[in-house]
Amino acid sequence: MNKVLLFNPKSADAKHRIPNALLQIAASVDGRYEWVIVDGNREPDPCKHIFDLLATGEFRYIGFTVMPGPQTKQAVPIAKAIKTDFPHTVMIWGGYFPSIHYRTALDAGYVDFVINGPGDYAFPQLIDALEQNQPYELIKNLIFKSGDTIIRNPKTDIPDQDLLPALPYDKLDARYPIPKYLGKTYLGNKTMAYHSSIGCPFTCSFCAVVPIFEARWKGKSAEAVYRDVKYIKDRWGADAIEFHDNNFFVSEKRAVAFARLIQPERMQWWGMARIDTMDKYPDESLQLISDSGCRMIFFGAESGNDKILEQMDKGGTQTGEQILRFAARLKQFNIVPEYSFVLGTPAATPEQVMAQIDFDIAFIKKVKLANPATEIVIYIYSPVPTEGSTLFKEVQAAGFRFPQTLDEWVNPQWEKFDLRKNPLTPWLTAEMVDKIRNFETVLNGAYPTVTDIRMGSVKRMLVQLSSRLRYRLNFYHHPYEIKLLQRLWHYRQPEIQGF
Ligand code: B12
Ligand code: SF4
């Protein structure tokens, strides 16, 4: 029987996380096919390791998980090289990038199949079909080419997460010891990354989760999550958890049940949520969540401008007033709100785009007044093709186009696009991008993130001293002195390096 090789292209320079997506795909074929994971984060030369494995002649199926940005940068040349030297292999890409840009991936000529969204059923079905020479054309979530035509099959229901097989941590550990995936963060000395639910029930018009999950969400039960966490704690000593779910707190019942279970374990934890959802939680639930070790929650605040929130389709219930009130409310529970803002969305005229940016800069300062502990993460809006949304229509009307080839995607400009640092959107001028970036520099100087655990109190004080006056006077131009300090001390950027 042919074997399966799963590749996780390098996604970060440090603080590597357990490759949960591939572990879940490995679990879907575990016991039926032999598999290996090659983790680009943990291999000095992943291409050589892959080539050594392929040279055995035992592997026919190669699965890549691909996020946009740096992962694509490593995925593209390695995929090309594999297909050139081992043309008989079957190349299957999954994850957010190929699910959204499937046409570009398949047109490259070296990607044979794309799995659109969850691969838990589609992947084993595809391997079975190919191994047994059976038709694969009807497999749900599969995208492939028939001649020049792209066939995009319908999607399955999201699998019941409690029915999925256990993740094969021990097998991963044999090549990549798990303790090296348990990084030191502000949450703890050995922080594990865990994914307890999939999808999201909302349809924000800027968000990549929407075209894939189409407003669907399913979570593992609190008991199942607790069981996995406890296993990693007992076996490898994890003492903190980062939940990577798009929206951990969709179900209050589940969040509260988990909080009750985890409380005796004395682990600190972090997750992502919506403000309007959690604002409905009663005080007792927020208190319990805090008591159980939840230290910080990431919220998509996005904008203080109600018109923009509407353009972003934030579910219709989040408002600027609520964002401010909720930041203040969290103070009493000792949970730090981590608010992300998306600046630089399109408007009818350049003056309006600039006015929107100015409005949100002033709004962020109000948030800091309401609760100075609030962590602020600023993204510049990078479009995702949320077909049919008003925002995406505006984006297209403004002349924005995605790259048409994988080679174009990996050029440095587009890499920056997905890091949401310098989007190539036609309505943003260099002056606007500078304004956002400079404000961010001064803000990060005046309020350095608590998640940068290498930054001691002296450094913090120095950078604050050099930034606070600028911050107070709204003077953000050319903040070279702050940039220099941040560069010297490798200031952490949660928006790129993880939360
Ligand atoms: C963990 C994470 C990271 C980690 C790295 C993860 C890693 N692999 O090492 C870090 C922090 C480094 C990171 C960075 C970035 N990330 Co990131 N990340 C995530 C996060 C939170 C979880 C991913 C995960 O592990 N999911 C768990 C698994 C089980 O779910 P899954 O990935 O959906 O996998 C399923 C399917 O997609 C599919 N599948 C996935 N891979 C494969 C492979 C094969 C072969 C098959 C068959 C199927 C398959 O099957 C899986 C099981 O059903 C997601 C959001 C999310 N909640 O998913 C964002 C997310 C993927 N990241 C995103 C982005 C944009 C980035 C960045 C590029 C920029 C940024 N500002 O964050 C950076 C830079 C990346 C880089 N340096 O390359 C976006 C992608 C959006 C888009 N336009 O495509 C997401 C969706 C966040 C968001 N909502 O915007 N990220
Ligand atoms: S709530 Fe968050 S994850 Fe869900 S669609 Fe909106 S931005 Fe995306």
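## A parallel sheet

Alanine 193 stands opposite glutamate 242 in β11. This belongs to the pairing of β8 with strand β11 (residues 240-243), which runs in the parallel sense over four bridges; two strands are said to pair if DSSP finds at least two bridges between them, and helices (H or I, at least four residues) and strands (E, at least two) are DSSP runs, numbered from the N terminus. The model is a predicted one, in which local features need pLDDT of at least 70 and side-chain atom pairs count only at pLDDT 80 or more, while totals for chains, interfaces and linings use all residues. Residues are numbered from 1 along each chain as its sequence is written, and chains are lettered from A and ligands numbered from 1 in the order in which they are written.

The open sheet here has six strands in the order β8-β11-β12-β13-β14-β15, with parallel pairing. Its edge strands, each pairing on one side only, are β8 (191-194) and β15 (375-380). On average, neighbouring strands of this sheet are turned by 20° against each other, direction ignored; axes are lines fitted to C-alpha atoms, for helices over the stretch in contact, and angles run from 0 to 180 degrees between N-to-C directions. Helix α19 (residues 430-446) packs on the sheet and touches β14 (336-343) and β15, with a direction that makes about 165° with that of β15; residues are in contact if their C-beta atoms, placed from the backbone, lie within 7 Å.

The axes of α15 and α19 come within 10 Å and cross at roughly 10°, which makes α15 roughly parallel to α19; angles under 35 degrees count as roughly parallel, over 145 as roughly antiparallel, 65 to 115 as roughly perpendicular and the rest as oblique. Val353, Met354, Ile357, Ile361 and Ile364 of α15 make the contact with Met432, Lys435, Ile436, Phe439 and Leu443 of α19. By class, these residues divide into nine nonpolar, no polar and one charged, where Ala, Val, Leu, Ile, Met, Phe, Trp, Tyr, Cys and Pro count as nonpolar, Asp, Glu, Lys and Arg as charged, and the others, Gly among them, as polar.

Helix α15 (residues 350-370) also packs with helix α14 (residues 320-331), at an angle of about 30° and with the axes 8 Å apart, so that α14 is roughly parallel to α15. On the side of α14 the contact is made by Gly320, Ile323, Leu324, Ala327 and Ala328, and on the side of α15 by Phe363, Lys366, Val367 and Ala370. The contact of α14 with α15 has seven nonpolar, one polar and one charged residues.

## A mixed sheet and its helices

Another open sheet has seven strands in the order β2-β1-β3-β4-β5-β6-β7, and its pairing is mixed. The edge strands are β2 (35-39) and β7 (149-152), each of which pairs on one side only. Strand β6 (residues 142-146) and β7 run antiparallel and are joined by four bridges, and the bridge partner of phenylalanine 144 in β7 is isoleucine 151. Helix α2 (residues 46-55) packs on this sheet, touching β1 (3-8), β2 and β3 (59-65), and its direction makes about 160° with that of β2.

Helix α2 packs in turn with helix α3 (residues 70-85), at an angle of about 25° and with the axes 11 Å apart, which makes α2 roughly parallel to α3. The contact is made by Pro46, Cys47, Ile50 and Leu54 of α2 and by Ile78, Ala81 and Ile82 of α3; these residues divide into seven nonpolar, no polar and no charged.

## Around ligand 2

The residues around ligand 2 are Cys200, Phe202, Cys204, Cys207, Val209, Val210, Asn246, Asn247, Arg274 and Gly300, a residue being near a molecule or strand if its C-beta atom, placed from the backbone, lies within 6 Å of it. By class, this shell has six nonpolar, three polar and one charged residues.

Technical notes
Two residues are in contact if their C-beta atoms, placed from the backbone, lie within 7 Å.
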